[in-house]
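Hi,

Here is the structure I promised to pass on. Have a look at it first, then read my notes below.

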Amino acid sequence: MSEPQDSGARGRTTVCVLGATGYVGGRLVPVLLEAGWRVRAVGRSAHKLRCRAFAGHPRCELAEADALDQASLERALAGCRVVYYLVHSMETEAGDYAEKDRRAARCTALAAAAAGVERLVYLGGLVPDDPHLSKHLRSRAEVGAILSGGPVPATVLRAGIIIGSGSASFEIMRYIVDRLPVMLTPRWVRTESQPIAIRDVLFYLAGCLEHPETTGRTFDIGGPYIETYERLFRMYQQEAGLPRRLIIPVPLLTPRLSSLWLGLVSPIPTALARPLVLGLRNRVVCKEHTIREIMPRELTDCRTAIRLALDRIQHSMVDTSWSDAGPLHVPEWTASGDAPYAGGTVFQDAYRIRLAGCPEELWDRVTAIGGATGWYGYDLLWQLRGLLDKLVGGVGLRRGRRHPTRISVGDALDFWRVLDMQAPERLVLLAEMKLPGEALLEFTLDQLPCGDTDLTMTARFLPRGVGGLLYWWAVYPFHAVVFKGMARALAARTTCAVLDGPRAVPGRAPVCHLPGQGGACPGPDQGACRIPPEPQDPPAPGTPGPGA
């Protein structure tokens with residue numbers, strides 16, 4: 001097999017990226033497009049893919065598939081010559097992610113053969129010669145072995161820590177050093193590793209298309225220097241302009257305690273931090289550097305990689321984040337529209353405020369919610385809720401948001417996930433905190449014929465068991481205080497006058513259909529999926545009415 005080299009042949013060759021909504025995949029797709037290739041970006045949610053910046057590129061196709069569903073993979077891979085496998089199921093929920101990884105790799109190998117794919121490219125992890133290899137690293141090695149042993153030739157690139165804005169490893173380091181002037185660390189802080197900058201990872205991944213001699217081979221990729229985690233912390237401290245941190249390794253911090261501690265001080269959930277921490281005990285350095293002879297490049301040192309990552313964060317230019325990965329779970333009851341058939345009664349609490357005009361201005365304030373902006377009032381209560389979530393292993397508030405003002409479907413937003421957005425009318429957030437049930441928070445903007453704008457905030461909750469019922473009635477008394485305060489603060493951030501409210505909305509609104517689950521919610525002109533206006537009290541003497 002010989003790969004096409006000229007730009008015309010590139011434009012006629014379709015390259016598939018499995019995991020295009022993940023941290024690496026989301027950055028590889030634009031790199032391949034810029035190099036002239038036709039790219040089919042594949043993920044589990046087509047709606048999430050459509051919201052990516054690369055979705056509108058003329059040489060980019062979008063396809064939906066699940067790596068555990070061979071039939072969907074065969075459809076997505078049809079017509080592709082090369083497939084990048086950038087899927088990793090290290091989930092934060094309970095479950096055997098290693099077994100899921102093995103199943104996904106087998107499905108992909110068989111689907112690639114059935115679809116006539118000529119080559120697979122996989123990004124795995126550096127695997128040391130260590131009898132106490134962590135489950136995380138062992139799983140990455142198993143996936144590489146399954147793909148390499150399949151019917152389609154595979155190129156396996158093995159990397160250690162990836163340094164870049166938004167990577168899980170970098171975010172752990174950033175929050176630890178930023179927040180802790182004195183660090184009591186496990187002994188692994190002096191373990192050696194060979195970090196690599198995300199830009200170098202993308203260079204090697206894309207370069208495999210230009211070098212057919214990499215087919216069927218495994219390569220270690222790493223930066224120019226071997227570092228300890230302690231030295232990396234020192235580099236970050238200096239590049240971030242922080243006072244010197246005191247680092248004290250102690251032998252008593254077990255992996256479990258370390259992951260709990262990391263979960264509290266960083267945005268990484270404890271369940272995700274634990275397998276990463278277990279991997280930090282192993283010395284992960286390159287055993288060979290053959291790839292450097294095939295693809296010569298001046299590699300980025302760790303200090304420069306940290307500086308570049310900090311610069312992109314400071315200028316809100318984080319292209320992808322570790323929190324982007326994962327499926328977009330649409331709760332069944334939001335699609336069925338009938339809560340009893342979905343397994344219970346959906347509780348709802350809604351509040352509305354009416355403003356004189358300014359829908360665009362109000363929408364800008366709504367979509368800037370969370371992260372550094374906060375939740376427009378009662379931030380202490382939100383922070384307390386985030387801390388409680390962290391203590392039970394949830395994501396907490398520190399996950400923040402990738403950009404201070406721009407937002408799209410699939411983005412993480414503190415302990416919520418953007419489930420649906422129809423600008424400038426509707427934003428739906430799905431709760432990803434630990435809950436005894438499923439919760440949605442919806443913001444709707446309705447522009448009235450008279451020119452006024454109604455902002456409605458609706459909380460919906462499907463409880464699971466008695467614990468769910470107790471939870472709802474425990475937090476219900478706080479809704480009036482928090483939601484009314486949020487509505488007033490949102491209105492205060494605009495230049496428009498408040499005409500009415502905030503007040504509770506009586507009655508129960510129908511549940512809207514979400515994209516990918518039976519269609520999109522009808523528009524306001526159709527009258528459905530909208531709470532009818534509540535009876536208005538007569539205005540006080542001298543007070544202008546809504547149409548004034």
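In which helix is the place of V481? V481 sits in helix α18. Before going on, some ground rules: this is a predicted model, where local features need pLDDT of at least 70 and side-chain atom pairs count only at pLDDT 80 or more, while totals for chains, interfaces and linings use all residues. Residues are numbered from 1 along each chain as its sequence is written, and side-chain values use heavy atoms, with hydrogens and water left out.

The overall picture

The protein has 18 helices and 20 strands. Both are DSSP runs numbered from the N terminus: helices are H or I with at least four residues, strands are E with at least two. Of the 548 residues, 55% are buried. Buried means under 20% relative accessible area, exposed means over 50%, and partly exposed is in between (1.4 Å probe, protein chains only).

The parallel sheet

Two strands count as paired if DSSP finds at least two bridges between them.

Look at β1 (residues 14-18) and β4 (residues 82-85): they run parallel and are joined by four bridges. V15 stands opposite V82 in β4. Axes are lines fitted to C-alpha atoms, for helices over the stretch in contact, and angles run from 0 to 180 degrees between N-to-C directions.

The antiparallel sheet

Another open sheet has seven strands in the order β15-β16-β17-β18-β19-β14-β20, and here the pairing is antiparallel. β15 (412-413) and β20 (498-504) are its edges, each with a single partner strand, so one side of each lacks a neighbour in the sheet. β16 (residues 416-422) and β17 (residues 426-431) pair over six bridges, and W416 stands opposite A431 in β17. Helix α16 (residues 359-366) packs on this sheet, touching β14 (347-355), β16, β17, β18 (437-447) and β19 (453-463). Helix α18 (residues 465-492) lies across β14, β18, β19 and β20, at about 5° to β14.

A patch on the surface

Back to V481: at 41% relative accessibility, it counts as partly exposed. V481 belongs to a nonpolar surface patch with Y378, L381, L384, L387, L388, L391, V392 and F478, and together they have about 830 Å² of accessible area. Such a patch takes residues with over 30% relative accessible area and no salt bridge, joining nonpolar side chains (Val, Leu, Ile, Met, Phe, Trp, Tyr) within 5 Å and like charges within 9 Å. A salt bridge is a side-chain nitrogen of Lys or Arg within 4 Å of a carboxyl oxygen of Asp or Glu. Areas come from the Shrake-Rupley method with a 1.4 Å probe; for residues, only the protein chains shown count as cover. Five residues, the largest share of the patch, come from α17.

A buried helix

Helix α9 (residues 229-239) is largely enclosed by the rest of the structure, because eight of its 11 residues are buried.

Cheers

Definitions and conventions: Contact means heavy atoms within 4.5 Å.
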